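Please look through the sequence and the model shown here before reading on. The report that follows takes up a few local features in turn.

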Amino acid sequence: MAATTDNPLREGMRLERSAEPCTVIIFGASGDLTKRKLVPALYHLTQDRLLPAEFAVVGGARRETSDDDFRSQMKTSVAEFGGDGKVDEEVWESYAKGLYYVSGEFGDPETYRKLSEKLALVEAERGTLGNRVFYLSTAPSAFAEIVHKLGEAGLVDESKGPWRRVIIEKPIGNSLEGAIELNTSVSEVLAEKQIYRIDHYLGKETVQNLLAFRFANGIFEPLWNRNYIDNVQITNAEAVGVEGRGSYYEGTGVVRDMIQNHVFQVLSIVAMEPPINLSPDAVRDEKIKVMEAVTPITADMVNQVAVRGQYGPGHVGGKAVPGYREETGVAPDSPTETFAALKLTFDNWRWGGVPFYIRSSKRAARRVTEIAITFKDVPQKLFGDSGGSMVEPNVLIVRVQPNEGITLRFNAKVPGQVTNIRGVNMDFRYGSSFGARLAEAYERLLLDCILGDSTLYARRDMTERGWEIVTPVLARWAEELPGDMFPNYEAGSWGPKASDDLLARDGRTWRRL
């Protein structure tokens, strides 16, 4: 049950809350995620005075290095990936004093003995009171083993008072069976309240703003249903290819990599019912309820509601790029999809009959993630579509990246003696409206975990439901290999023709980006 407060609408929000002393332990501290995101995020939180003085970071990885060398490496990372290419020396000096390092193999009990000794010294020196966040920035195959080793070493035991939390990176399994197996395994060691399954998309300001946009405004929520909305389109497109990760991507594909986690998390916020308050479980209860209402996709439906694609050679940003099958680590006859589009519907009163079209791709024309809500036409077109008038449907566009903001497109009369109608935009942009640096997603999510706020983290049921929805699609595609149909879209385009046909069958088109 959700916790009660004097003002339940504020429960789950970070206002007027301060972080407790703690230590963040990062497994996989020599990896890119630590260098590019985690350590810079914690540095910025220190710079913004959102972390207490009684704070420390312990990095852990296989390679041998000293505390001082680790500090030097992380300073370079903050300068390179911290945003402005600069390091505030005063802030860094304070931050660096709390950086430590432990080397060892993740499967070796000796590593956890060394870690336990290091933590005892760090916690005494830094006054972190024994509170700990363990961040598993490792290969997914190591998640369960690390959690069990932490349990055997007594490092995640909360019986003596201090809290212990574990952040697990995606993917949560590579299939429904894998997700259930991983969730079950870590649950043998940790209580659900200790498990934080991170999805960095939920840390993006625009995604968070969806809750405020929907539930803090009286103008839109009454229209947020099948009576007024014709369709919803969610686009997640990347201009980059597999970026040297061909061997990893071969066993993954865009459905596993993006749709069943990132895109479904965004979808659930768009479609959910209002929560009773903003406590973590109240919000996550509504998200899983709406995802449970997704109409099941049966094997014989797949070809009508799902499209897959793979990019061939083309041009992105004016530069020639190879096709997926020419990427390093990719088989020359690979069946892996780099594009996928799905048509989903919900079996509930709010959304009955409203199609949700979602697409995700690599090597698109440009990088963009957006949600487009298209409203139904007016019941009678008084102005028609003649005489230069273009009466378009009203569209509400939420731009997640880049140029974060919200646009409402509506129709207006063009100045002049003749009545001509044109679509115009009403724009809200974060940068111009607030003039503040947008915090990186990992800053928000790391601080939320330290605060014990799991609202923006995925609960077990949500991770498994995502796999349930896409499993029939993946199974059918595995049975019917694409063969010569791949590649079926050019790098630098918006996907295969079949994705346009998916909407054309319903008399609709993808929104021009």
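Glu243 counts as exposed, because its relative accessibility is 56% and exposed means over 50% relative accessible area, buried under 20% and partly exposed in between, with a 1.4 Å probe and protein chains only. Glu243 is not a glycine, yet its phi is positive, at about 50 degrees, and its place is in the loop between β7 (229-237) and α8 (246-250). Leu129, in the loop between α4 (109-126) and β4 (132-136), also has a positive phi, near 65 degrees, and is exposed, with a relative accessible area of 59%.

This is a predicted model, in which local features need pLDDT of at least 70 and side-chain atom pairs count only at pLDDT 80 or more, while totals for chains, interfaces and linings use all residues. Residues are numbered from 1 along each chain as its sequence is written, and side-chain values use heavy atoms, with hydrogens and water left out.

Helices here are DSSP runs of H or I with at least four residues, strands are runs of E with at least two, and both are numbered from the N terminus. In α6, the buried residues are Leu176, Ala179, Leu182, Asn183, Ser185 and Val186, and what covers them includes α5 (143-152) and α14 (460-479).

Pro171, in the loop between β5 and α6, is joined to Lys170 by a cis peptide bond with omega about 0 degrees.

How values were computed
Contact means heavy atoms within 4.5 Å.
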